[in-house]
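Trainee: I would like to work through this structure by question and answer. Please begin with the charged side chains and then turn to the aromatic rings.

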Amino acid sequence: SVHWAWCPRLEKQVQVFSINAVHRPICSVVMQYLLWTDLWCVTASCTIWLFYDWNTQTRFSCVRNWTAWTYYRDNVHSQLVAQSKLHPWLPPTWNWSTESESNGFSAKFPGITPFVATLAGNFHMPLAREYLVSAGVCPVNRATLEFILSCNGTGNAVIINVGGAAESRYCTLGVHCMTLKNRKDFTDYVVLCLIVLLFTRADLVPVYSFGENDVYKQLILNEGSWWRLIQRRLQKILGFAPCAFQGRGLFSPDTWGLVPFSKPINSVVGKPMEMPKISSPSQEELNHYHTMYMSSLTQLFDKHKTHFELREEDVLVIH
């Protein structure tokens, strides 16, 4: 942890600016700006490299060790709670699927290399792709996941946010929900992950982050309203759900802005689910492990909710 005891206000401001420094959209803005200047050749060169290096699956993860992530963590009070540290559930000789080094991932899980998987569309912008790959981020597709979990040695972890665009519509203060129940179609990347896990026999590790919905305030649209219908239509076209949200200002927490509020986020890692080797799983087998995963998430939530100032009657709603 980085502390500036002599000037706490300056330390807080550095934490806020670090959030903007590590955001991928900045890379996209820079590339588009340079395209209309005398330095257009920089954007052109990065675009040529993008197509030349298109099939690269992973690369060194230097960005993950940036000090800016430490300031980012301190601003939102992020913490990684390694339940499995108390039990030898995650040996580095296995591969499994479920944070930057600022939360001490390597210290809690020695010998395990994490790869954060996100939508493939995020890798189609020059420079932004290099930033993501250098941060240990990879696209969610079968070829990449199988490469990491079966052709890249052992001790690899793929971290996937299974909620995605559909879940973002329900994110609001004090609500604990996930969009997972009906995602059983073979075209859904949740099912794709299950297929890859069964094919590679990698363990499935449930992870839940308490407090994620508290870092922004979002306007929740009423079901059945025209605005909700437009939002869903745009989600199908764009791949994400446009949302009206707000955070704190860049220079003051009392002003409106897009910087996340300084609220604690506690990520709890549960016990791995051992997956059998099934080369071509049926729909019934996928449904079985899909149900097991939802049950594991619910148990993980119920076990730790009172540790993070939630009430005993609070429940995890799975849409």
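**Charges, rings and strands**

Trainee: Which residue meets the side chain of arginine 311 in a salt bridge of 3.0 Å, N to O?
Mentor: A salt bridge requires a side-chain nitrogen of Lys or Arg within 4 Å of a carboxyl oxygen of Asp or Glu. At 3.0 Å from N to O, the side chain that meets arginine 311 in this way belongs to aspartate 314.

Trainee: What kind of model is this?
Mentor: Residues are numbered from 1 along each chain as its sequence is written, and side-chain values use heavy atoms, with hydrogens and water left out. Local features need pLDDT of at least 70, side-chain atom pairs count only at pLDDT 80 or more, and totals for chains, interfaces and linings use all residues, for this is a predicted model.

Trainee: Is aspartate 314 buried or exposed?
Mentor: Residues are called buried under 20% relative accessible area, exposed over 50%, and partly exposed in between (1.4 Å probe, protein chains only). Arginine 311 also forms a salt bridge with glutamate 313, at 4.0 Å from N to O, and glutamate 313 is exposed at 54%. Aspartate 314 has a relative accessible area of 12%, so the class that applies is buried.

Trainee: Where do glutamate 146 and arginine 142 lie?
Mentor: These two residues form a salt bridge, with the closest N and O atoms 2.5 Å apart. Glutamate 146 is buried at 18%, whereas arginine 142 is partly exposed at 36%. Helices (H or I, at least four residues) and strands (E, at least two) are DSSP runs, numbered from the N terminus. The two residues are 4 apart, about one turn of the helix, and both lie in helix 7 (residues 142-151).

Trainee: How many salt bridges does a search of the whole structure find?
Mentor: Asp53, Arg129 and Glu130 are linked in a network of salt bridges. For the whole structure, the number found is 6.

Trainee: Over which ring does the charged end of lysine 277 sit?
Mentor: The criterion is that NZ of Lys or CZ of Arg lies within 6 Å of the ring centre and within 35 degrees of the ring normal. Arginine 142 has its charged end over the ring of phenylalanine 199, 5.6 Å from the centre. For lysine 277, the distance to the ring centre is 4.4 Å, and the ring is that of phenylalanine 199.

Trainee: What is the angle between the planes of tyrosine 208 and phenylalanine 210?
Mentor: Rings of Phe, Tyr and Trp (its six-membered ring) pair if their centres lie within 6.5 Å; planes under 30 degrees apart are stacked, over 60 edge-to-face, and the rest tilted. This rule gives 6 aromatic pairs. Tyrosine 208 and phenylalanine 210 form an edge-to-face pair, with 4.9 Å from centre to centre and a plane angle of 75°.

Trainee: How many residues apart are tyrosine 216 and phenylalanine 245?
Mentor: Their rings form an edge-to-face pair, 5.2 Å centre to centre with 80° between the planes. The pair links distant parts of the chain: tyrosine 216 is in the loop between strand 8 (207-210) and strand 9 (217-218), phenylalanine 245 is in strand 10 (residues 245-248), and their separation in residues is 29.

Trainee: Which residue of strand 12 stands opposite tyrosine 208?
Mentor: Strands count as paired if DSSP finds at least two bridges between them. Strand 8 and strand 12 run antiparallel and are joined by 4 bridges. Ile265, Ser267 and Val269 point one way from strand 12, with Asn266 and Val268 pointing the other way, and all are buried. The residue opposite tyrosine 208 is valine 268.

Trainee: What accessible area do the residues of the nonpolar patch with Trp227 have together?
Mentor: Patches take residues with over 30% relative accessible area and no salt bridge, joining like charges within 9 Å and nonpolar side chains (Val, Leu, Ile, Met, Phe, Trp, Tyr) within 5 Å. Areas follow the Shrake-Rupley method with a 1.4 Å probe, and for residues only the protein chains shown count as cover. Tryptophan 227, in helix 10 (residues 226-238), is exposed at 62%. Together with Ile230, Leu234, Ile237, Leu238 and Phe240, Trp227 forms a surface patch of about 640 Å².
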